[in-house]
Amino acid sequence: MAKELVTMSTKEIDRADVMRRVLEKRLTQVKAGKLLGLSKRQVRRLRKVYERDGVAGLASRKRGRPSPKFPVK
């Protein structure tokens with residue numbers, strides 16, 4: 001399996017660390033939400049993505065796309 005390089009911001013890296021701690025059951029979803037400034041429902045959604053796609057799932061999917069505000073002609 002080829003590994004791909006994923007560019008992540010500091011915020012996304014911190015989010016991955018918190019999600020790892022949630023999966024290890026060292027942190028509850030409610031406390032993780034408070035740390036990240038998210039609701040427990042959003043933490044549950046992130047946990048699903050993290051379990052399915054790993055760290056790459058937490059990276060922004062918008063990165064690298066052209067802005068719809070300035071279409072290329």
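Just after α1, K25 takes a positive phi of about 60°. Helices here are DSSP runs of H or I with at least four residues, numbered from the N terminus. Before going further, please note that this is a predicted model, in which local features need pLDDT of at least 70, side-chain atom pairs count only at pLDDT 80 or more, and totals for chains, interfaces and linings use all residues. Residues are numbered from 1 along each chain as its sequence is written, and side-chain values use heavy atoms, with hydrogens and water left out.

Helix α1 has 14 residues and reaches 20 Å from its first C-alpha to its last. That is close to the 20 Å expected at 1.5 Å a residue, where the expected span is 1.5 Å times one less than the number of residues.

Which residues of α1 are buried? They are E12, R15, A16, V18, M19 and V22 (buried means under 20% relative accessible area, exposed over 50%, and partly exposed in between, with a 1.4 Å probe and protein chains only). These residues cover an arc of only 165° around the axis, which puts them on the same side of α1; the arc is that of the directions from the helix axis to the C-beta atoms. The buried residues of α1 pack against α2 and α3, a contact being heavy atoms within 4.5 Å.

## The nonpolar core

The largest nonpolar core has 13 residues, and V18, M19, L27, A32 and L58 touch the most other members. Such a core is a set of buried Ala, Val, Leu, Ile, Met, Phe, Trp, Tyr and Cys residues joined through side-chain atoms within 4.5 Å. Helices α1 (10-23), α2 (29-36) and α3 (40-53) each give two or more residues, and the largest share, 4 residues, comes from α1.

Not counting residues up to four places away in sequence, L27 touches V18, R21, V22, A32 and L35.

## Charged pairs

The structure holds 7 salt bridges, each a side-chain nitrogen of Lys or Arg within 4 Å of a carboxyl oxygen of Asp or Glu. One of them joins E12 and R63, with the closest N and O atoms 3.2 Å apart. Because E12 lies in helix α1 and R63 in the segment after α3, the pair ties together parts that are 51 residues apart in sequence. E12 is buried at 9% relative accessibility, while R63 is partly exposed at 39%.

R21 and D17 also meet in a salt bridge (3.9 Å, N to O). D17, R20, R21, E24 and R26 are linked in a network of salt bridges.
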